[in-house]
Amino acid sequence: MSVKMTPFKHLKAGMLAISIAVSGAFFTAPGNEAQAADTLTFGNMGEPASLDPHFISGVWESRIVGNMFLGLTTEAADGSIIPGAAESWTVSDDGLVYTFTLRDHTWSDGKPVTANDFYYAFQRILAPETASGYSYLLYTIKNAQKVNTGKASPEALGVKVIDDKTLEVSLEGPAPYFVAQLVHYTAYPIPSHKVKELGKEWAKNKGAVSNGAYTLEEWMPNAQIRLIKNPKFYDAENVSINELIFYPQEDRSAVLKRVRAGEVDIQTDFASSDLKWLEKNMPEYIRIAPYLGVYYYPLNTSDEVLKDPRVRKALAMSIDREILTDKVLRTGEVPAYGFVPPGTGTYGQPSEVNWKTLSKDERIAQAQKLMEEAGYSKSNPPTLRLSYNTSENHKKVAIAIAAMWKKALGVKTELYNSEVKVHYASLKTRDFQVARAGWIADYNDPQNFLNLMEARNLSKNYSSFNNEQYNTLMKKAEMEVDMDKRDEYMREAEAIAMAELPNIPLYYYVSKNLVNPRVKGWIDNPADVHHARYLTVD
Amino acid sequence: MFTYITKRLLAAIPTLLIIITIAFFMMRIAPGGPFDAERQLPPEIEANILKAYDLDKPLYQQYFIYVGNLLRFDFGPSYKFRDFSVTELILTGLPASLQIGGMAILIAALIGVSLGTLAALYQNQKTDYAIMGVAMTGIAIPNFVVAPILSLVFGVYLSWLPVAGWGDGSARNLVLPVISLALPQIAYISRLTRGSMVEVLHSNYIRTARAKGLRERLVVVRHAIKGALLPVVSYLGPAAAAVTTGSVVIESIYDIPGVGRYFVNAALNRDYPLVMGVVIFYATLIIIMNLIVDVIYSFLDPKLRVNG
């Protein structure tokens with residue numbers, strides 16, 4: 001049809017006009033979403049599973065709930081442990097009984113916080129029917145494990161209310177890290193009067209009762225969580241920011257744009273690939289700091305090839321960790337030659353592998369010799385399957401390590417990628433040879449890392465490492481009151497692990513925050529905890 | 001007509017049941033369970049949790065428990081977001097998805113049909129090439145490319161609109177997601193319209209209309225468009241269902257609290273009840289949309305008119 005049709009001139013113009021009008025109608029209200037001076041916004045990288053402290057497990061949840069509740073102890077601005085809901089405490093000489101004196105303070109609805117609220121919380125999280133996923137963290141408390149697994153009645157639990165202001169907690173063994181453990185959300189008090197009244201829904205809606213610096217104002221799933229300052233908080237006069245908004249958005253580059261536009265003040269993680277750009281364009285936002293976490297490769301010690309410690313050592317020695325941190329990751333991660341991150345508790349210098357001081361060439365020469373002793377050579381190399389869960393960084397690290405093994409030892413590595421649920425299901429059933437894993441401290445103590453290689457830790461000792469001496473040292477450390485001796489036992493244990501290498505440590509994590517310079521009072525710390533009560537904004 | 005609709009709806013019940021059954025068992029075949037994670041649970045705690053969700057029972061029992069609950073419209077709790085039930089999650093996500101998706105599909109239909117018609121009328125001329133060129137580009141560039149560019153330009157550089165976020169669902173927050181969702185649909189619909197319009201304009205009944213001496217405008221508006229819309233309408237049904245149930249890409253880039261992200265995330269989380277919930281929801285919507293398409297068809301095309 002090639003007729004020229006003038007009548008459609010109108011039609012054409014009309015339709016274009018509609019298109020333009022429709023798209024133009026939106027652009028009527030200009031202006032930016034700059035945040036108010038008393039509001040702090042977080043790119044929080046995840047939608048919380050719950051705001052009930054007994055049902056959470058992620059740092060993104062902890063960041064919200066940590067602003068709502070106050071445990072017996074809490075973190076200062078620099079992450080150090082300070083008194084929280086407990087004003088003071090005493091410890092019995094054998095290190096087994098802690099007596100806490102509570103601070104005079106109330107819930108956000110004005111009811112006093114009593115020892116009963118703590119008793120109630122411990123009983124609730126440890127009741128088997130509560131089915132809390134993180135309750136095992138409290139197994140330091142006397143009979144907690146038995147109660148949690150239904151092998152003892154709730155009354156057997158080592159928590160006692162002396163009076164409204166006094167709480168007594170007995171432990172299984174002297175655990176000097178107990179006070180540090182109490183900052184964790186598993187040990188927060190729960191407003192028993194509200195849970196009894198509202199049941200499961202108590203922590204979900206506006207006005208949910210809490211005893212911390214902020215209370216819940218609004219929770220729109222997948223949109224935002226808003227907290228507002230709790231005027232009843234005991235230290236409310238020193239809390240400067242009125243409102244906190246947590247956005248659950250997980251897309252890191254999308255959140256970065258919101259930081260650039262001033263919609264988000266604090267981004268709690270950013271992609272390594274963005275670092276170069278950030279350093280050039282907004283260096284004053286970057287906060288990279290050592291973090292209590294280790295990235296490691298468990299080796300399945302029941303595997304035909306990997307049960308030989310010489311092979312494990314050769315594999316560990318031929319990995320160039322500096323290349324991983326400086327060339328592959330490039331975000332300030334620290335090469336790991338031991339298992340416990342530096343700065344953990346009072347631990348001091350970890351026991352590192354004894355070949356750290358060797359040059360790269362010497363390491364490779366030794367590694368080749370070890371492989372030969374084990375019956376392998378470059379012409380007769382073993383084949384290994386290296387499993388990792390889906391993530392750009394895990395993939396990059398795995399490829400680099402496979403190349404290093406190939407070059408140094410001739411080892412053929414088959415890369416095996418699966419999504420996170422599948423990956424951890426196969427770690428659980430020990431259906432792997434070499435795998436990627438990582439551990440972020442639950443509490444600031446070396447025991448929290450070293451127990452990953454104890455035989456009794458069935459669920460997390462992925463390599464099925466079972467070393468008599470190691471197990472004994474860890475048990476001795478558990479029963480030791482003297483901190484120096486305790487650290488010494490654990491350093492000895494770590495030295496064994498670093499000789500046997502059931503887990504190959506690769507690097508220590510760093511925390512990567514972007515913080516708008518208008519936020520003041522931010523102190524980088526290895527726990528990466530930054531409660532808003534200590535922050536101010538210009 | 002009423003009997004026809006009732007019949008169709010009744011026929012949907014077995015269809016849904018089959019979908020539910022297949023989805024239920026397929027989900028369980030996938031390796032990894034809802035509580036496998038970086039922080040592995042001690043066996044006794046996992047046992048506590050599995051018991052709390054009836055996951056310790058044999059699979060066939062779980063199936064009957066699930067279907068039994070469905071009959072009472074109880075979709076169960078979400079394993080991942082434990083403060084919310086599946087029904088709550090879908091209902092709180094739905095308004096956002098409906099709002100954005102509804103506007104996007106409406107805009108896409110209006111603009112797409114207009115552009116497609118224009119292109120057909122000026123077949124093989126500059127207007128046609130221009131419109132189809134743009135449409136091809138629109139189809140070729142995926143929205144995970146378009147969306148970040150839009151938010152970079154209008155949010156970061158020009159500061160006209162929020163980069164992302166829902167706010168209270170105010171118009172300013174809707175613009176970019178709606179445009180990003182609508183663009184590929186506009187492209188697709190205009191191509192579809194052009195194709196069928198070209199065909200219709202060459203058909204006998206249009207020739208007859210012209211031969212009667214009708215003005216060209218009437219020929220197009222009264223006769224041609226009606227016929228040309230048939231394939232567009234049958235595309236729009238499922239497309240509307242897909243667009244209004246949200247898009248995981250758009251929702252994560254613009255941080256929209258819609259239903260879309262559950263499709264992917266629930267499956268990755270092995271959140272069985274939530275997966276089932278969105279599957280049932282989506283299947284129902286598709287069935288309803290197809291029914292609506294068929295009803296509209298019967299108005300557009302007398303040959304297909306059903307007697308009810």
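**Exercise 1.** What percentage of residues 170–189 of chain B is helix, and how far apart are the end C-alpha atoms?

*Solution.* Before we start: this is a predicted model, where local features need pLDDT of at least 70, side-chain atom pairs count only at pLDDT 80 or more, and totals for chains, interfaces and linings use all residues. Residues are numbered from 1 along each chain as its sequence is written, while chains are lettered from A and ligands numbered from 1 in the order in which they are written.

Step 1: residues 170–189 of chain B come out as 95% helix and 0% strand; helices (H or I, at least four residues) and strands (E, at least two) are DSSP runs, numbered from the N terminus.
Step 2: the end C-alpha atoms sit 28 Å apart.

**Exercise 2.** Find the strands that pair with strand 1 of chain A.

*Solution.* Two strands pair if DSSP finds at least two bridges between them.
Step 1: strand 1 (residues 39–43) runs parallel to strand 10 (residues 243–247) of chain A, with 5 bridges joining them. Here A:Gly43 faces A:Tyr247.
Step 2: strand 11 (residues 266–267) of chain A also pairs with strand 1 in the parallel sense, over 2 bridges. Check A:Phe42, whose bridge partner there is A:Ile266.

**Exercise 3.** Work out which helix of chain A gives the most residues to the side that touches chain B.

*Solution.*
Step 1: the contact (C-beta atoms, placed from the backbone, within 7 Å) takes 54 residues from chain A and 58 residues from chain B.
Step 2: helix 1 (8–24), helix 7 (252–260) and helix 13 (420–428) of chain A each give two or more residues.
Step 3: helix 1 gives the most, with 7 residues.

Key. Two residues are in contact if their C-beta atoms, placed from the backbone, lie within 7 Å.
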